[in-house]
Amino acid sequence: MQDVMTICNYCGCGCGVYLRVDQGRVVGSYPSKNHPISQGNLCSKGWHLHEFIHSANRLTEPLMRKYGKLCPVSWDEALDYTTKSLLRTKKAHGSDSIGVLASAKCSNEENYLLQKLTRAGLQTNNIDHCARL
Amino acid sequence: MKENFIPEPAVIREIITQNEQIRTFRLELQDKTKAFTFLPGQFLMLSLPHCGEAAISISSSPTALPLIDLSIRKAGKLTAAIHEMKPGAQVGIRGPFGKPFPVDSFSGRDLLFVAGGIGLAPLKGVVDYCLFQQELEEDSVLSMTLLYGSRTPSDIGFQETIKNWQEQGVDCRLTVDIADEKWQGDVGLVTDLLDDCTITEKTTALVCGPPIMIRFVIARLSSMGCTDEAIITTLERHMKCGMGICGHCHLDDKLVCVDGPVFTLAQLKTMDVMELG
Amino acid sequence: MIDLKELILPKDNLIPLLRKLKKEARLIAPVQNAYGDTLFSEISDLDSAHIDLDNQPQSSLKPFLLPQQEILARYQVDKAGYTFTPPEDEQETIYFGVRSCDLTAVLYMDLIFSKPVKDTNYYARRNQSLIITLGCNHPFANCFCEATASGPYLEYGYDLQFIDIGDCYFISAGRIKGADLLDQWSYFFREVQEEDRKARYQLLLEARGKFTRNVQVAHACRRLQKEPDPEAIWEALSRRCYDCGGCAYVCPTCTCFSLDDMVLDDTQGLRLRSWDACTSSGFTRMAGGHNPVDRRCHALKRRFLHKLKDDFARHGKVSCTGCGRCIDICFGGVDITTFIDLVTAVEAS
Amino acid sequence: MTNSIGELKGAEVLLVTGSNTTETHPQIARNILRGVDRGAKLIVIDPRKTDLAREAHIHLALRPGTDIALINGMMRIIIDEDLADDLFISMRTEKFTALRDYLHRLDLDEIATITGIDLQTIRDAACIYARSCKSVICYCLGVTQHTCGTNNVQAVANLAMLTGNVEKEHGGVDPLRGQNNVQGACDMAALPAVLPGYQSLANLEVRERFKAAWETDIPQTPGKSLTEMTHAGREGEIRAMFIMGENPVLSDPHLGRVEDTLQHLDFLAVSDIFLTETARLAHVVFPAASFAEKGGTITNSERRVQLCHRAIKPIGNCRPDSEIIMELGRRLGCPGMDFDSDAEIMDEISLLTPIYGGIHYDRLEGSWGLQWPCWDRDHPGTSFLHKYYFARGKGQFTITEHQEPREGVEEKYPFTLVTGRGSYHHYHTATMTRNSRRLVREYPEALLEINQDDCEKLGLQQGEMVELVSRRGRVRVKAQITDRVQPGTVFTSFHFWEVPINRLTIDALDPKSKCPEFKVCSANLRKVDHD
């Protein structure tokens, strides 16, 4: 049993929360008392933060559309196909024909990488996220 | 051994369709050597694969063992799932739990059953049990009357059972809230049927149905002179463990799953329950 | 109650003793982490762990004895049928540095999980546990255990009770398990002198004088037994309950739980027991959608009455241990002390 | 936010507008309520009687979409009552006279009519707000999700500057950010028109710096915004998309168009933790690791950059999004996609982003994070912003005029539909919360808030199904009779895919912020008879 400090994944308050890990499973969430925002408490979503992590509905394999249906494939196949498709579109319609949506649920590092990939790699500024929604 | 919450496998032997909403599932424990007994009014925790558990009252009499009847109305996820199941399917059961009806004290009494909708299920076991005793002529009840209310004629359940009971001398009177063209019986609330009944000091009334019905029937019975001890009802509450620890069915200083679900009116009056308004 | 045994442990011997104990069992103690939070944690390395006996642990022992999410069974649905497998048994665990309020809570759980049925899963853990308490010489800001008769020192219930009397701990063994442990490691201890006893008594008196909160638990309890439920107070408080469930989750005596299935795949899953809070509307809602409790005016009624009235009626003791954990965390500021203050104030007027 | 969350409890007056704070930002609401318990005055501007509005000293239940009129009215009253902070205005602001002259031309009675609030209530609120020098305004999407969203924000800023309630502790203007890292995603320039740290794309010097670090030129023309990309239709310029952790098929306005756009792309790749409604349309779906399975930093509403820790290894064959992006980057031939750790990525961020200049992993580890701007290693971070409105020197008053929402009510669509996050127990498109057993139990299905009076007119009972129609689409949803909404207004959330309310919402955008008008569209509803 181990308590791992992390930040709640829901709203913009940014509560400090301990995820309780037991044998590779997250089995609990507990607030941090000294954290400047949470100060020992969490809302209902925070207290049940651990519940969706091991949901059976989680995606666990890359999927690719084959004959109209999404089928499990290897990482390489999914990545190669994506690369090929993006390059093909770029070549046929130009860089600005590619759009990228980043995520307010992902980390700063991931958002930074994605906008770098968009601007430096795909050569477009077509990147946005759901800031206004 | 952590065994408290481990259900016992049981098999659905037969499914009887009572109406569109209600079906009776006749179960038998898979391990036939397992000792299992209960009394009318008690309930089981029923497990279905991927659905969790729900508290279901037993609708048969222990005299029918090893078969156990559960009459279930479609209401939530689990009850909808069991309606999809076929005979031979496996379920899990824990129990029996709860205080039963005081069947031993019924000898020499006139029993008046008042039921609404699926509320007949827990009372059915009592009727069957008393009929069995009458047959043995042991400590038997004086008479049995059933007043049964349904919303519409198609909502009436247990029709076969009621027919059998009538043949065995149970006075069964049915009413519906809303009639259709074919319906020839009484129309109105089940409380209206009480007008034709007489209450004596030998009457024990057993009431089960939706909270609002329980409230009006109890009020009516009291005004007709039925004592608080002679009015018995069974409560429905959200339950999780069935054995008095999870806290869901907590009512003041009582737990419905352990101290109930069967309560006399005298007991209910000491508690703050919606059934009394 | 008379203790089975009393000894003195010089403070220098504490870590060596714990090192011995850790060899035979899992050791759980309040540990301050890098963020300054003190949580009960399993100690893997005694030399690097910062065992914090100066701050109130954020959590009680509840997360260990009644975990937030516990696997009750694994189920399998296949050709063989629908079968359940119970989880494995528990290992021997020593809890060190448990505060009086939290042990009182454990004793309460012992009661709840033994009647009318013995909860095999709880007792699998409880029977394998040895609890060493630490009497409180300095009550924390929100503590009011004196008002609930659960501190600052205890007179029974512990396996061992430690009282800090300066450069050593005054140790009492309340149960055989604790006394046996003292016998086994006798060479760490010395005999009790009269001045040790005096120091302990003096510290207890001082501790009692240090409570900053005046919570009239007994007064409120009496009023609730005698008089009808204070409807107006329920409504005023419930309006401010935002349904986080935090009060129930941090409470060391809130034992209500839910049972749910967690699907792993089509053929198997877990039956889980998880903490529940009676303040939420789903707690009492029945399958058809009917709910006997109206959250808007009665969200907190069940919780407060259970603690202060029903448990008093059933067990002769309130089930609030005065640990104060629920006080600062309520979003709406309606914790149990607010309720007690309101109930007692009404009578005064 | 210009203030820290903890500062709110020290304010004397809290004006909350367009925010259902108790349900959407519980911790901020806690601080507001603590302030109220300590004697602060609370003013709530919201067409709905939210839980916070019930706690308010004054609840200004305005007609949806009339925020500017209301705030202009308040400002006029403040000037009339001589409560404006003249010294602050003369020292720190400009263009006040134009605003004053405009306000003097306003007819207050007309404002009462437009907003539907009686004048005395507006007057009381204005005076309470202006009399304190520790007044905080918190606003959220109820202010910005209008076609006049930018002007709404400007009106709020005018009000704050008029009374000198800006740039100080316990006083200021605080936009509350919705998602856990919406602040960070903006900071990192997941936006079409800026570079990380809000640096201008047009600035040659900045571009040169990025060019040097990224070893490649970057395009100069601003890109398309989210709604421009997702609403382009089947003939749109966008032919391929990569979507990371978003669900526009449920969250964007006028869903029919979004689906149409995405379905007709040549290629769509989605990375997510669940098979969302958007992922179902994709050609390739990447299984992403959840927050518990990766590290990284996120930035909260008060600009606090905090470190997350990995609790478990990714489940199944999942990978963190950072790995997925780098893998793609390498295959696409993008330079600089070979970071070994999140810490190394942060090093590059701090190098190129001045406001993150002093943020490094070693400083974040074991601390509660740093609030930007944090210029260098020695900088302690900034708990409240001094120069938010005054980055260009003096604060500028701008006249804002009331403008009616794009869609007015009319005979065919007599109801005003307001949408937003509707439940304490659910989040956004509920992909995570609906996989949480307890949260589902507490709030199992979508509900349409509708006033008692309207229900009586329509013969509606609690829990009956209604069909809600707008010019763009229709949904069926269960009615919840409540006094939270005024007669003529209905409210529901976009949490439930079964009730894709954004089929109905209008994709009219604010011209500057491109924010859609989620808060007002006209609709009609009728009771659904049993099928």
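What follows is a sequence of selections, each with a description of what is found there.

The model is predicted: local features require pLDDT of at least 70, side-chain atom pairs count only at pLDDT 80 or more, and totals for chains, interfaces and linings use all residues. Residues are numbered from 1 along each chain as its sequence is written, while chains are lettered from A and ligands numbered from 1 in the order in which they are written.

**Chain D**

Select chain D, whose secondary structure comprises 20 helices and 21 strands. Helices (H or I, at least four residues) and strands (E, at least two) are DSSP runs, numbered from the N terminus. Along the principal axes, the C-alpha atoms of chain D occupy a box of roughly 65 × 65 × 45 Å. The radius of gyration of chain D is 24 Å, which agrees with the value near 24 Å for a compact globule of 531 residues; it is taken over C-alpha atoms, and the globule rule is 2.2 Å times the number of residues to the power 0.38. Of the 531 residues in chain D, 60% are buried. A residue is buried if 20 or more other C-beta atoms, placed from the backbone, lie within 10 Å of its own, exposed if 12 or fewer, and partly exposed in between.

**Chain D against chain A**

Next, display chain A beside chain D. The contact involves 114 residues of chain D and 87 residues of chain A; two residues are in contact if their C-beta atoms, placed from the backbone, lie within 7 Å. Helix α16 (residues 321-332) of chain D provides the largest share of the chain D side, 9 residues. That side of chain D contains 60 nonpolar, 36 polar and 18 charged residues. Here Ala, Val, Leu, Ile, Met, Phe, Trp, Tyr, Cys and Pro count as nonpolar, Asp, Glu, Lys and Arg as charged, and the others, Gly among them, as polar.

Now select strand β4 (residues 63-66) of chain A and strand β11 (residues 284-287) of chain D, which run antiparallel and are joined by 2 bridges. Strands pair if DSSP finds at least two bridges between them. Within this pairing, M64(A) stands opposite V284(D).

**Chain C**

Turn to chain C where it meets chain A: 23 residues of chain C are in contact with 18 residues of chain A. On the chain C side, β3 (38-42), α9 (246-250) and β10 (257-265) each supply at least two residues. By class, this side has 10 nonpolar, 8 polar and 5 charged residues.

Colour chain C by domain: domain 1 is 5-59 + 91-208 and domain 2 is 217-258 + 278-348. Domain bounds come from an automatic or database domain assignment. The C-alpha centres of the two domains of chain C are 29 Å apart.

**Chain B and H50(B)**

Chain B is likewise divided, into domain 1 (8-97) and domain 2 (103-234). Their contact takes 17 residues from domain 1 of chain B and 16 residues from domain 2 of chain B.

Finally, select H50(B), in the loop between β3 (43-48) and β4 (52-57) of chain B. Is H50(B) buried or exposed? H50(B) counts as buried because it has 20 C-beta neighbours inside 10 Å. Leaving aside residues up to four places away in sequence, H50(B) touches D261(C), V263(C) and G269(C).
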